[in-house]
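Hello,

Here is the structure I promised to pass on. Please open it first, then read the notes below.

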Amino acid sequence: MLYLVPTPLGNLKDITFRAIEVLNAVDVILCEDTRTSSKLLQHYQIQKPLSPYHQHNEHKILQHLIEQLQAGKTMAVITDAGTPGISDPAFLLVRECLKNNIKVECLPGATAFVPALVNSGLPINRFAFEGFLPLKKGRHTLLTQLATEERTMVFYESPVRLVKTLNDFINYFGAERKCSVSRELTKMFEENYHGTLSEVCTYYSNKNVKGEIVIVVQGVL
């Protein structure tokens, strides 16, 4: 049995009773960074073996994990924050589990793009989640395609690339397209800034930006 367990974005209270129950019950917890996950587990007095599972080793250890699951072990996958598989490792393991008739269960819980999308003030009846844009190869092609996207678009970005990405959006989408930037969600210094791409880009060009970032951009009208 494999469980995908969402973890808090920042505020440790944002975890479900069921998530704590599952983490206490499994044989091993797969996590992106043992240092980050240890803080959460210690807070809730969860004492289970941790095993690194991240984008740099997920291919190498995939078969070993499948063999352990087939042997009867129960595992939980957690990431540094949010729901595993959403711009974080999990897809490969889930796919392989399903191929091998290993039961997979995903718990509901924290996902960064949901609060960012809801409080953006942009239409949410239809939206396109794009995650992280390609850094180089494929970036131009994708942005060209998205320039005519009618649905609200949701992106993840790092603080060091925020202004560059906003400038790219201006070049491909137009300076007057509405957008929202959410950062440090659920944390003490949470910020949600709304405006046109031009206004938001100007605002963040003069700031030392920190924290995980979600950008929500209006679709073409």
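Start at strand E10, where valine 214 is the bridge partner of tyrosine 156. Helices (H or I, at least four residues) and strands (E, at least two) are DSSP runs, numbered from the N terminus.

Before going further, some ground rules. This is a predicted model: local features need pLDDT of at least 70, side-chain atom pairs count only at pLDDT 80 or more, and totals for chains, interfaces and linings use all residues. Residues are numbered from 1 along each chain as its sequence is written, and side-chain values use heavy atoms, with hydrogens and water left out.

**Strand E10 and its partners**

Strand E7 (residues 152–157) runs antiparallel to E10, and 5 bridges join them. Strand E8 (residues 178–183) also pairs with E10 in the antiparallel sense, over 5 bridges. Here arginine 183 stands opposite isoleucine 213. Two strands pair if DSSP finds at least two bridges between them.

Is E10 enclosed or open? Of the 5 residues of E10 (residues 213–217), 5 are buried, so the strand is largely enclosed by the rest of the structure. Buried means under 20% relative accessible area, with exposed over 50% and partly exposed in between (1.4 Å probe, protein chains only). Both faces are covered: Ile213, Ile215 and Val217 lie on one side, Val214 and Val216 on the other.

**Helices H6 and H7**

The axes of H6 (residues 139–146) and H7 (residues 162–173) come within 9 Å and cross at roughly 50 degrees. Axes are lines fitted to C-alpha atoms, for helices over the stretch in contact, and angles run from 0 to 180 degrees between N-to-C directions. The two helices are therefore oblique to each other. Under 35 degrees counts as roughly parallel, over 145 as roughly antiparallel, 65 to 115 as roughly perpendicular and the rest as oblique.

Which residues meet? Arg139, His140, Leu143, Thr144 and Leu146 in H6 meet Lys164, Thr165, Asp168, Phe169, Tyr172 and Phe173 in H7. Contact means heavy atoms within 4.5 Å.

**The parallel sheet**

An open sheet of 5 strands pairs in parallel, in the order E3-E2-E4-E1-E5. Its edge strands are E3 (50–52) and E5 (104–106), each pairing on one side only. The twist averages 25 degrees from one strand to the next. Within the sheet, 3 bridges join E1 (residues 2–4) to E4 (residues 75–78). Leucine 2 has methionine 75 as its bridge partner in E4.

Best wishes
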